[in-house]
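Hi,

Here is the structure I promised to pass on to you. Have a look at it first, and my notes on what turned up follow below.

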Amino acid sequence: MSLPTMASPTLSPDSSSQEALSAPTCSPTSDSENLSPDELELLAKLEEQNRLLEADSKSMRSMNGSRRNSGSSLVSSSSASSNLSHLEEDTWILWGRIANEWEEWRRRKEKLLKELIRKGIPHHFRAIVWQLLCSATDMPVKNQYSELLKMSSPCEKLIRRDIARTYPEHEFFKGQDSLGQEVLFNVMKAYSLVDREVGYCQGSAFIVGLLLMQMPEEEAFCVFVRLMQEYRLRELFKPSMAELGLCIYQFEYMLQEQLPDLNTHFRSQSFHTSMYASSWFLTLFLTTFPLPVATRVFDIFMYEGLEIVFRVGLALLQVNQTELMQLDMEGMSQYFQRVIPHQFDSCPDKLILKAYQVKYNPKKMKRLEKEYAAMKSKEMEEQIEIKRLRTENRLLKQRIETLEKDNPRLTEDFVAHLETELEQSRLRETETLGALREMQDKVLDMEKRNSSLPDENNVARLQEELKALKVREGEAVASARELKLQLQELSDTWQAHLSRGGRWKESPRKLVLGELQDELMSVRLREAQALAEGRELRQRVVELETQDHIHRNLLNRVEAERAALQEKLQYLAAQNKGLQTQLSESRRKQAEAECKSKEEVMAVRLREADSMAAVAEMRQRIAELEIQREEGRIQGQLNHSDSSQYIRELKDQIEELKAEVRLLKGPPSFEDPLAFDGLSLARHLDEDSLPSSDEELLGVGVGVGAALQDALYPLSPRDARFFRRLERPAKDSEGSSDSDADELTAPYSQGLDN
């Protein structure tokens, strides 16, 4: 079996070499209990190698440097380094044997292989083992790679834009024209041509970049194609990102089941799962952890799939639950960005151990996948219905607008006619609803009556019982008639016998015969009485049997009703459970709606703040324009009138301003100054802060005007000198001469004329 080519680029000298030979001891898994003694011995060697590596890390780096530079045999001055070299050789032999006997290891030593992969694949074997794990060694698409590079892709601009942001600190990808960026562009472009439905998606470049750190671009392309096809990544990177929504849904269920308090805290802070977990699934923690830790997770992903992402993500939340419960939304975002990525830099095996302590049920994940598919299908149907209604509404609006444009008067009459018809239809609908309610009440009454009556099977049994009773009643009546006839005969015989008189005149023989006849008659009478009593007893037995039969049928009916009630109870219990599920779902949706409403309120507040800022800016602009207008008016007055008249007019304006200030004195003062782009204006209107004279108010007005002018639109030096000279005459007495005013305004007028 031919082995794939090994990669020339490396991660980083320290991290890659240390990870290449390490088999740490802090994450033994449950599969190790079922391993054979030989396999346990291999694991023990790896653990011993890790201890020696930690004890002599400096010599390890020198050994790696000597291997890269000269390729000669490793020579170390310490015994620990020589032992480490020996263990390194054992590691190379072990993973070389795994690579050469790959099929046998996958079939017969799967548990040991899983254990070794969870402990970390040595860096120098990752290119080989990753290709073997995803069966990317002999792919037909590899032969198409060179042809794909000659073609043009519609995603080239997007790929070029994101390449500079992929591993920007890594030496292999640093620089605009670096080799790493060029091969990364080639692989992403080739895949966008192979799979035009997906094309290019942000996040996939980090996975390809990691592959390029381990192997040449052709092999990295084949591995990436296999990952997209067989590891659910293609569904993750589709434009709809339906698989990402499913992963978030499944992860939220695990979070709610295993960390309910933290899930409640996240919901209360509107901290959605997609805000921190989307990058975990899209980049497989490559943008979260440093490369040595992320590569360990990627090793397991290549063997076990997306399950490790769920496990590692929930393990991170379990470890940091206490700290996250004390933070708000912004604090949690900062915590996920700054603290969590570097918690396991010193011992990645601790993270792997925590991950495999998380409960993960594949059957539940399948069930959640079906639930999510059904939910999305229902949402899609609702969206289609909403779109249909919106289209109909738009068409109706267009039709109404057309009718209004054609004939407004006809439209008004038509609308009035429609309103009348609408009222009539509503009245008819009300009457129909009333009749419908009456009919429903009658139907319910009939159903109650019908429920009290026996069903068809019971009616058939009752009819059979009635027929049997009629037959037994007929037999009893016939027997009674026979008894009556016998009694009548006996009575007649007895009366005939009694009617004979004078037995003493007869001979003794006849007397004996008469006595015998009397005794015979008495015997017959007693026999008849006994028969009658027997028949009565038989009739009583028949009646008792009939009652017993009726009672048995009644018991059967009661038992059937009990079974029906039991089924109804089970149905109601199942219905109650479904309602409870719907209630919990509605509560969840209500919480989501509340979160969305909070977000909308925040957005409205932000828009309101923007509007207020815009209003303030407009007011500021208006004030500026008013100041400029006042400046022009003052200039004209200085040019065409004397200063004394101008000062009197200013005093009048000051009196008006005082009156306005007194009117404005009522509202409460603002303690904080208003700020407009760096300009702060104190808004204190206390009694003591008001000017005591016209001159002071004039000085305040001029000072505020100058401050606004200087802050918003800075004046030229000549204009500034003019306003400063203008302030001084305003403070002088009213006896200022016209020549002084002319002297003040002359330079400014000359400047305007120029």
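Leu 516 lies in helix 25, which covers residues 508-640; helices here are DSSP runs of H or I with at least four residues, numbered from the N terminus. Please keep in mind that this is a predicted model, where local features need pLDDT of at least 70, side-chain atom pairs count only at pLDDT 80 or more, and totals for chains, interfaces and linings use all residues. Residues are numbered from 1 along each chain as its sequence is written, and side-chain values use heavy atoms, with hydrogens and water left out.

Together with Val 512 and Leu 513, Leu 516 forms a nonpolar patch on the surface, with about 270 Å² of accessible area for the three together. Such a patch takes residues with over 30% relative accessible area and no salt bridge, and joins nonpolar side chains (Val, Leu, Ile, Met, Phe, Trp, Tyr) within 5 Å, or like charges within 9 Å. The areas come from the Shrake-Rupley method with a 1.4 Å probe, and for residues only the protein chains shown count as cover. Leu 516 has 48% relative accessibility, so it counts as partly exposed; the classes are buried under 20%, exposed over 50% and partly exposed in between.

**Salt bridges**

How many salt bridges does the structure hold? There are 26, each one a side-chain nitrogen of Lys or Arg within 4 Å of a carboxyl oxygen of Asp or Glu.

One of them pairs Arg 296 with Asp 349, with 2.8 Å between the closest N and O atoms. Arg 296 sits in helix 17 (residues 291-304) and Asp 349 in helix 21 (residues 348-355), so this pair ties together parts that are 53 residues apart in sequence. Arg 296 is buried at 4% relative accessible area, and Asp 349 is buried at 1%.

Back in helix 25, Arg 552 and Asp 548 are 4 residues apart, about one turn of the helix, and they form a salt bridge whose closest N and O atoms are 3.1 Å apart. Arg 552 is exposed at 53%, while Asp 548 is partly exposed at 35%.

Glu 624 and Arg 621 also both lie in helix 25, 3 residues apart, and their salt bridge brings the closest N and O atoms to 2.6 Å. Here Glu 624 is buried at 3%, whereas Arg 621 is partly exposed at 34%.

Finally, a network of salt bridges links Asp 195, Glu 197, Arg 234, Glu 235 and Lys 238.

Best wishes

Key:
Helices (H or I, at least four residues) and strands (E, at least two) are DSSP runs, numbered from the N terminus. Buried means under 20% relative accessible area, exposed over 50%, partly exposed in between (1.4 Å probe, protein chains only).
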